Amino acid sequence: MLNPVKVGLMGLGTVGGGTFRVLNKNAREIARRAGREIQITQAAARDYDPEQLPGIDRIEVLDDAFALVENPELDIVIELIGGYSPARELVLRAIENGKHVVTANKALIALHGNEIFAAAQDKGVTVAFEAGVAGGIPIIKAVREGLAANQIEWAAGIINGTGNFILTEMRDAVQGCASAAGGRTPGAAGGRDFEDVLAEAQALGYAEADPTFDVEGIDAAHKLTILGAIAFGIPLQFDKTYTEGISRIEQQDVALAGKLGYRIKHLGITRKTDRGIEMRVHPTLIPERRLIANVDGVMNAVLVKGDAVGPTLYYGAGAGAEPTASAVIADVVDVVRALTTDPENRVPHLAFQPDELSDLPILPMDEVVTAYYLRMQAEDKPGVLARISTILGDAGISIEAMEQHEPAEGATHVPLIMLTHSVREKHMNAAIEKIQALDCINGRVTRIRMEQLDG
Ligand code: HSE
């Protein structure tokens, strides 16, 4: 075997610790695959627990990650600090110093990936980021290499485990309730306190340092930005990715969706259309018979449709110490194998050759065409349905199914649920405004987009 490869590890938190442990535990197996021993010879972390890191006393741990990226002995640095800054500066400096970089930092790649990849190309080094999307699932490898023969048509994924965990808790609570029609207790995820569910996701190493990234869809949007770029060979465009979280989903919608044969999942969806690329993250009703509708708890899954292969589904742990370490180390092995290859012969960062990236526009959300679930509180008297259907009809919106529920004791308004056929979002927005303005409608119309995901 060749000499060991020397690696620097920045960050010894959940993923950094997992990476250190897995690399030590499986060192022999990994070296047999890589063709060289992989040694972490230096780490950088401000705060870590040596009890959780057997063997950490045998290597130097610096306080200052900027000193690590200057170490001329390191061939590869692993960035597991997270966040935008100083991760960006550290990665750019490591590249400047001719080091290959492996990162799990989806926020960094989604926002600064174009700049980072250009710098890496100039220097002839690789920046690998498998762990950035869906944690332990090798989705980057699958799309970038395994599906290289295909024109990708669309991809849709549950790519935030914390959000999926919260939605699953809400559904479990609904199923455990005698009456599913009740509203959501403010601040609660299903039968459990919202904070309690979040604390469990944090204990599992899933939740982001700022949990609004999980709940408001920002984390999923980071990952979708990356997935869309490698699926279609477009630059990373986080600012054009439509982002909506799960914080406005109510338990009654979870219950009603279930009665209609659907599950609500928080999806990242990217699709190539004649008019541009859709990039959108939002809660979505999907038929419960789809495999992906049954992906529960903190697990992730990504469906990718290629024109030659058809639909393919990837499932696994989307976060957590050792699952994410699995992806980080696979990237290190890839980089080690490619150390002696000419940069032009390596797999391109965004799957397509850098001078072959496309300038296809990202479709504004207003132009996206989908079906909808609508829920409103309508007055229980003659003519109300006619007024609502006239507004929808005038906007060219066709109703696929409708349900009216019993009013609660003494209530004057009843919950009305409508499923529509596909329509352009801007037409639906205009119709919702008009419906909300009707005197027979109480409060706001809840709207959740629907996808069949059947090809
Ligand atoms: N906060 C993320 C999640 C971690 O819950 O999926 C993995 O990126």
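What span should the 18 residues of helix α12 have at 1.5 Å a residue, and how far apart are its end C-alpha atoms?

**View 1. Helix α12, residues 321–338.** The model is predicted: local features need pLDDT of at least 70, side-chain atom pairs count only at pLDDT 80 or more, and totals for chains, interfaces and linings use all residues. Residues are numbered from 1 along each chain as its sequence is written, and side-chain values use heavy atoms, with hydrogens and water left out. Helix α12 should span 26 Å, and its end C-alpha atoms are 26 Å apart, which agrees. The expected span is 1.5 Å times one less than the number of residues. Helices (H or I, at least four residues) and strands (E, at least two) are DSSP runs numbered from the N terminus. Buried residues of α12 include A321, T324, V328, D331, V335 and A338; buried means under 20% relative accessible area with a 1.4 Å probe, protein chains only.

**View 2. The largest nonpolar core.** This core has 53 residues, and those with the most contacts inside it are L68, I95, F117, V127, I139, I226 and V304. A nonpolar core is a set of buried Ala, Val, Leu, Ile, Met, Phe, Trp, Tyr and Cys residues joined through side-chain atoms within 4.5 Å. Helix α10 gives the largest share, nine residues. Domain 1 (2–136 + 321–356) and domain 2 (147–316) both contribute residues, so the core lies between them; the domain bounds come from an automatic or database assignment.

**View 3. The second largest pocket.** The space in this pocket is about 510 Å³. On a 1 Å grid over the protein atoms alone, a pocket is an open set of points with protein on both sides within 12 Å along at least five of seven lines, a cavity is a set where a 1.4 Å probe fits but cannot get out, and lining residues have an atom within 4 Å of a point. Grid points are joined across faces, edges and corners, and a volume is the space filled by probe spheres set on them. Of the 21 lining residues, E244, R248, V445, T446 and R447 are the closest to the centre of the pocket. Strand β19 gives the most to the lining, with six residues. Because domain 2 and domain 3 (365–450) both supply lining residues, the pocket lies between them.

**View 4. The largest cavity.** Its volume is about 50 Å³. L167, T168, R171, V254, R263, I264 and K265 line this cavity. Helix α7 (161–175) and strand β11 (262–273) each supply at least two of the lining residues.

Conventions. Buried means under 20% relative accessible area, exposed over 50%, partly exposed in between (1.4 Å probe, protein chains only).
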